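Please keep the sequence and the model in view while reading.

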Amino acid sequence: MDALVETQAMRFARLRTNWLLIRSMFMLHPRLFVLAFAGAAVFAVGTVASSFAIKWVIDEVILPRFDEGDVGTSTVVAGLALIIGIGLVRAVGVVIRRSAASAGMWRVAETYTNQVLERLVRQPVSWHRRRADGDLVARAGVDTETTVSVIAPIPFAASTVLMIVISTIWMFVTDIPLGVVAIVVFPLVIIANVVYERSVSVHYSTAQRQLGEFSAAVHESFEGVQLIKSYGAEARETRRLADLADEVRATRVGAIRMRTWFEALQDIIPAVTNIVLVVIGAVRVQSGDVTVGEFTSVIFLFTLLVLPLRLIGYALSELPRSMAAWLRIQEVTNEDIEPDPAGSVQRAPDGFGVVFDGVTFAHTPESGPALRGVDLAIPIGTVTAFVGPTGSGKSTLAELALGLVGPTSGTVRLAPGTRAIVFQEAFLLAGTVRDNIRLGQDVDDDEIWAALHMAVADEFVRSLPNGLDTVVGERGVSLSGGQRQRVALARALVRRPSLLILDDTTSALDPATEATALDRLRSGLSDATVLVIASRPSTIALADDVVFMEAGRMGAHGTHHELLAASPRYRELVEAFETDRSAVESGRTS
């Protein structure tokens with residue numbers, strides 16, 4: 001008994017969810033769908049009316065012509081006008097229904113895509129780090145298209161319901177036995193649809209989830225194509241993607257196999273019903289209970305209903321797949337917006353660019369603190385280098401200063417103004433140099449050239465084939481590593497930031513170019529605070545101040561020369577940096 005109640009509850013929950021899906025999509029653009037349903041209703045009434053027209057033409061035109069040898073011209077004209085007029089009405093209904101339904105479908109797709117993208121943009125960096133990029137892209141693209149695939153046939157399917165009601169009345173009025181036989185097919189088709197929808201929904205939900213995982217894996221693979229090729233891991237990566245693709249294929253094949261049986265059943269039921277109608281109709285005509293025109297109109301009407309009945313089946317077969325995709329979209333759009341870490345940043349005291357006051361930070365509640373009790377005040381107009389071994393908390397400090405993440409405890413205070421960061425791996429878009437530097441900012445070419453000059457990039461940009469209009473290719477593939485870094489640096493500088501963070505940005509530059517860039521930064525951004533995450537001794541030496549990080553704590557603080565004299569650990573680290581760099585450079589020249 002409990003199992004039966006639970007099953008009924010699950011069925012009701014599924015029906016309710018399906019209704020919420022359809023209703024939510026229609027309410028996004030109701031006018032278009034009202035117009036589509038109106039066109040579908042016109043088509044439905046016209047379809048039933050065409051059956052009446054066939055009956056009238058046969059009984060009043062065709063049979064009298066055979067029996068009497070002559071039919072009045074006005075009767076023929078009336079028959080032609082009736083058939084042509086009803087045909088035109090049906091055509092108008094079809095045009096309205098298809099145009100409005102298609103426009104509504106793509107408007108809904110646009111709305112859902114914008115909703116997902118709006119959520120993705122509003123969520124902070126910490127939220128994105130917990131999710132696979134490829135899966136998020138799939139939700140904004142593939143899932144959106146899959147969700148709306150069920151919309152277009154629904155107005156037609158709704159008109160089919162109206163046709164069934166009107167047709168049932170018409171067929172019973174024409175002849176009760178023929179009407180009974182004809183309408184028996186309707187509950188059979190509905191039962192088949194319900195059984196199919198219930199059975200296939202699990203397959204489509206699983207397939208949609210697997211497709212998201214596959215998209216994430218493909219995105220990751222393309223992102224790391226250089227790493228994969230460098231380590232000769234092509235075969236391993238191919239196997240990994242092939243296994244994921246096989247999972248999607250197996251689930252989809254299972255769903256398609258069920259759909260194949262379902263569609264075959266959709267063909268068999270009307271075909272058998274047609275045969276029964278012909279047999280019974282012949283008997284009824286012979287007995288004189290119905291005329292040839294009435295019998296023909298019933299057959300004609302039932303034949304016209306076969307395709308719409310299949311369309312109901314198609315809509316119901318698409319519903320589980322659309323539902324699975326819609327639920328994945330709702331997971332993103334219904335999730336609360338996490339607080340923006342930048343909102344917790346407070347104003348720094350006058351004269352200071354960045355102030356960390358007892359800052360502690362943990363990436364997750366389960367992990368240990370990445371930073372512990374950091375107290376640091378950095379004056380405006382200075383260049384401060386963060387130095388430390390891997391995992392010491394340098395990049396985390398930079399992210400806290402930029403407002404990408406918020407402290408677990410303590411306070412971050414910043415001077416008002418624009419903040420910018422330049423990463424070690426410079427990311428360039430597949431556009432022109434100008435597009436990459438502007439990145440949506442309204443700046444003129446003079447400002448761009450001034451930023452390029454500060455980044456020591458103006459000379460090489462002028463030497464490019466089309467200067468600022470040179471297309472750099474995807475990820476700046478046509479530029480060297482140092483050139484990409486300098487263009488990325490110019491992109492930050494053109495915004496005149498009050499806080500500039502360089503995450504080992506100058507690592508691909510030679511020492512002379514690096515020194516020139518930092519000198520120009522000092523003169524061009526005299527009222528800005530510059531934080532440099534550095535591992536090159538020459539970069540560290542150019543900084544006004546050095547913060548030495550160890551295991552998430554501030555181990556030492558002072559000038560480069562002061563720390564070399566006072567901190568053995570700092571001295572060892574700098575010497576190790578110099579030894580490693582010398583070994584690399586000697587390896588390149590040998």
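Which backbone oxygen lies 3.2 Å from a polar atom of the side chain of Arg 119? It is the backbone oxygen of Thr 333. The model is a predicted one, in which local features need pLDDT of at least 70 and side-chain atom pairs count only at pLDDT 80 or more, while totals for chains, interfaces and linings use all residues. Residues are numbered from 1 along each chain as its sequence is written, and side-chain values use heavy atoms, with hydrogens and water left out.

Arg 119 belongs to helix 3, residues 73-122 (helices, H or I with at least four residues, and strands, E with at least two, are DSSP runs numbered from the N terminus). Beyond its neighbours within four places in sequence, Arg 119 is in contact with Val 332, Thr 333, Glu 335, Asp 336 and Ile 337 (contact means heavy atoms within 4.5 Å). Arg 119 is buried but has no salt bridge, and the nearest side chain of opposite charge, that of Glu 118, is 4.2 Å away. Buried means under 20% relative accessible area, exposed over 50%, and partly exposed in between, with a 1.4 Å probe and protein chains only. A salt bridge requires a side-chain nitrogen of Lys or Arg within 4 Å of a carboxyl oxygen of Asp or Glu.

Glu 118 does form a salt bridge with Arg 122, their closest N and O atoms being 3.0 Å apart. Both residues lie in helix 3, four residues apart, or about one turn of the helix. Arg 122 counts as partly exposed because its relative accessibility is 47%.

Another salt bridge joins the side chains of Arg 139 and Glu 331, at 2.8 Å from N to O. This pair links distant parts of the chain, with Arg 139 in helix 5 and Glu 331 in helix 11 (residues 292-333), 192 residues apart. Arg 139 has a relative accessible area of 11% and is therefore buried, whereas Glu 331, at 47%, is partly exposed.

Helix 5 (residues 133-140) also contains Ala 140. Apart from residues up to four places away in sequence, Ala 140 touches Thr 113, Val 116 and Leu 117.

Elsewhere, strand 8 (residues 529-533) has five of its five residues buried. Strand 8 pairs in the parallel sense with strand 4 (residues 383-387) over four bridges; two strands pair if DSSP finds at least two bridges between them. Strand 7 (residues 499-503) also runs parallel to strand 8, joined by five bridges.

How values were computed. Lys and Arg count as positive and Asp and Glu as negative; His and the chain ends are not counted. A polar contact is a pair of N or O atoms within 3.5 Å; within protein, one must be able to donate a hydrogen and the other to accept it, and residues adjacent in sequence count only if both atoms are side-chain atoms.
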